[in-house]
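Subject: Structure for your review

Dear colleague,

Please find below the structure that I am handing over to you. My findings follow it.

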Amino acid sequence: MKFIGGVFSVLKNTTWPTRKQSWHDFISILEYSAFFALLIFLFDKLLNLALTDLLNRF
């Protein structure tokens, strides 16, 4: 029973984010995801163009 009491003690002492902080974190995750998706997309296009140009030379 000490384990369950310890769990409730930890949950009671945990500081949870406010609603505003939760939205800020969510928007940050969307921004980072969009940035890396764009970065991967551009890298893919560049690699595709380079390989196509290389294959057309032969």
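The protein chain carries 6 positive and 4 negative side chains, and the centres of the two sets are 18 Å apart. Here Lys and Arg count as positive and Asp and Glu as negative, without His and the chain ends; each charge is placed at NZ of Lys, CZ of Arg, CG of Asp or CD of Glu.

This is a predicted model, in which local features need pLDDT of at least 70 and side-chain atom pairs pLDDT 80 or more, while totals for chains, interfaces and linings use all residues. Residues are numbered from 1 along each chain as its sequence is written, and side-chain values use heavy atoms, leaving out hydrogens and water.

The structure holds 1 salt bridge, meaning a side-chain nitrogen of Lys or Arg within 4 Å of a carboxyl oxygen of Asp or Glu. Arg57 and Asp53 form this contact, at 3.3 Å from N to O. Arg57 is exposed, with a relative accessible area of 64%, whereas Asp53 is partly exposed at 38%. Buried means under 20%, exposed over 50%, and partly exposed in between (1.4 Å probe, protein chains only). Buried residues account for 2% of the 58 residues in the protein chain.

As for the fold, the protein chain has 2 helices and 0 strands, taken as DSSP runs (helices H or I, at least four residues; strands E, at least two) numbered from the N terminus. Along its principal axes, the C-alpha trace spans about 75 × 30 × 10 Å.
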